[in-house]
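I opened a new model today and kept notes as I went. Here is what I looked up, in the order I got to it.

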Amino acid sequence: MPHPLPDVDDLEAAETEAPEGLVDALEGCREADATFAAVFRQALRRRGLPLERVRDHLRAQQISVSLATLSHWQRGRSQPEKAQSLRAVDALEPLLDLPTGALRSLLGPHRPRGGARPPDPAAARGVFGEDSDVEQALGDAFAHFNVGLRALTIQETVCLDEHRAIRETSVTTVVQAVRDGVDHLGVVHFLDSPKAGTAALDVPGRPAPRMRFLEELGCVAADIPLGRRLARTETAVIAYTLRAEGEVSWQHERRVTVPLRAYLLHVRFDPRAVPTQCWGYRRERIGADPSHRHRSALDDFHTTHLMPTRCVPGVYGIEWRWPD
């Protein structure tokens, strides 16, 4: 699974040394959520300040920040980086009754323009939704899940058996390190009515990875070694196959939380169980109606595929209809 969270003792020591205003702002935040967004949001609640008041306060000091930007800051969708934004952060601290530098200290290093960027937990929640099945599976580690890696391309082949169930899913992904020292990829797969103990994950040429089966959520989580520690911007190719027994399937989809250079979904049906129709689709997020849905033809080998020309964050999938 993902890298362990910092020791609780270390976090407690940091809080003990923090100025009183910052400790108050951290109250109600989980240890893993002591981020700029979480502290900013909690401080706003503690002071009872709507974003309109914050914007007007900044305007009075000749600092122009839009309501949308302030909303993105508190939701973690973006963080202050430009000179004007950093001036706003400095002006916000006294307004929120925070000590000087309290918010600035949570911004971390300036993110590079271009190149590899770490995944954003807030962006993932935008696709998965709040308190998603993935977040339930990972718990507090969700915010740290694969933070050292960014997916560049993903190709997956889904094979169904004669019982109309997904028998195996083979995935090949290219990832790029966004920091030094990354040595594993975490994966979470949700299965169609899985049977306990039947799931197995095979990584060719590598030892069997650590795997955990969460029966209550119907998913498996695994930690796949990359084979060496990557330096920042280095890439790695990971291929693996997940096999599991299940019940009848009607679709397969992939949740994409960062823009990909390429995504290919290839579905292969058993000749003894061929659907009557297939559709490819994209949804903005889990639970949303498909925004792009189109017929996906079956070839003579009983396969169909989806390969979007531009793979932006969202949910991509293929669904099919079985004969009566």
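This is a predicted model: local features need pLDDT of at least 70, side-chain atom pairs count only at pLDDT 80 or more; totals for chains, interfaces and linings use all residues.

**Entry 1**

I started with strand E9, residues 262–268, and asked which of its residues are covered. Tyr 263, Leu 265 and Val 267 make up the covered face. On the uncovered face I found Ala 262, Leu 264, His 266 and Arg 268.

**Entry 2: who sits beside E9**

Next I looked up the partners of E9. Strand E1 (residues 149–160) runs parallel to E9, and seven bridges join the two. I picked out one of these pairs: Glu 156 has Leu 265 in E9 as its bridge partner. E9 is also joined to E12, this time antiparallel, by four bridges. There, Val 267 has Thr 304 in E12 as its bridge partner.

**Entry 3: the whole sheet around it**

What is the order of the strands in the open sheet of six? I read it off as E4-E7-E2-E1-E9-E12, with mixed pairing. From one strand to the next, the twist averages 20°.

Strand E2 (residues 166–177) and strand E7 (residues 235–243) are antiparallel, with nine bridges between them. Val 171 is the residue I found opposite Tyr 240 in E7.

**Entry 4: another sheet**

Then I found an open sheet of three strands, in the order E3-E6-E5, with antiparallel pairing. Its edge strands are strand E3 (182–190) and strand E5 (210–214), and each of them pairs on one side only. The twist in this sheet averages 20° from one strand to the next. E3 runs antiparallel to strand E6 (residues 219–230), and eight bridges join them. Val 187 has Ala 222 in E6 as its bridge partner.

**Entry 5: helices H3 and H5**

On to the helices. At what angle do the axes of helix H3 (residues 36–47) and helix H5 (residues 67–75) cross? I got roughly 110°, with the axes coming within 6 Å. That makes H3 roughly perpendicular to H5. On the H3 side, the contact is made by Phe 36, Ala 37, Phe 40, Arg 41 and Leu 44, and on the H5 side by Leu 70, Trp 73, Gln 74 and Arg 75. Sorted by class, the contact of H3 with H5 has six nonpolar, one polar and two charged residues.

**Entry 6: H4 and its neighbours**

H4 and H5 cross at roughly 120°, and their axes come within 10 Å. The crossing is right-handed. H4 brings Leu 51, Glu 52, Val 54, Arg 55 and Leu 58 to the contact, while H5 brings Leu 67, Leu 70, Ser 71 and Gln 74. I sorted the residues of the contact of H4 with H5 into five nonpolar, two polar and two charged.

The axes of helix H4 (residues 51–59) and helix H6 (residues 83–95) also come within 10 Å, crossing at roughly 115°. H4 and H6 have a right-handed crossing as well. Here Val 54, His 57 and Leu 58 of H4 meet Ala 88, Ala 91, Leu 92 and Leu 95 of H6. That contact of H4 with H6 has six nonpolar residues, one polar and no charged.

**Entry 7: a loop residue**

Is Ala 288 buried or exposed? Its relative accessibility is 16%, so Ala 288 counts as buried. Ala 288 sits in the loop between strand E10 (277–283) and strand E11 (292–295). I also noted that its C-alpha atom is 9.7 Å from that of Val 127, although Ala 288 and Val 127 are 161 residues apart along the chain.

**Entry 8: stepping back**

Last, some totals. The protein chain has eight helices and 13 strands. It has 324 residues, and 44% of them count as buried. Among contacts with a separation of 6 or more, 71% come from residues 24 or more positions apart.

Definitions and conventions
Residues are numbered from 1 along each chain as its sequence is written. Side-chain values use heavy atoms; hydrogens and water are left out. Axes are lines fitted to C-alpha atoms, for helices over the stretch in contact, and angles run from 0 to 180 degrees between N-to-C directions. Angles under 35 degrees count as roughly parallel, over 145 as roughly antiparallel, 65 to 115 as roughly perpendicular and the rest as oblique. Contact means heavy atoms within 4.5 Å. Ala, Val, Leu, Ile, Met, Phe, Trp, Tyr, Cys and Pro count as nonpolar, Asp, Glu, Lys and Arg as charged, and the others, Gly among them, as polar. Two strands pair if DSSP finds at least two bridges between them. Buried means under 20% relative accessible area, exposed over 50%, partly exposed in between (1.4 Å probe, protein chains only). A crossing is left-handed if the near helix is turned anticlockwise from the far one by less than a right angle, and right-handed if clockwise.
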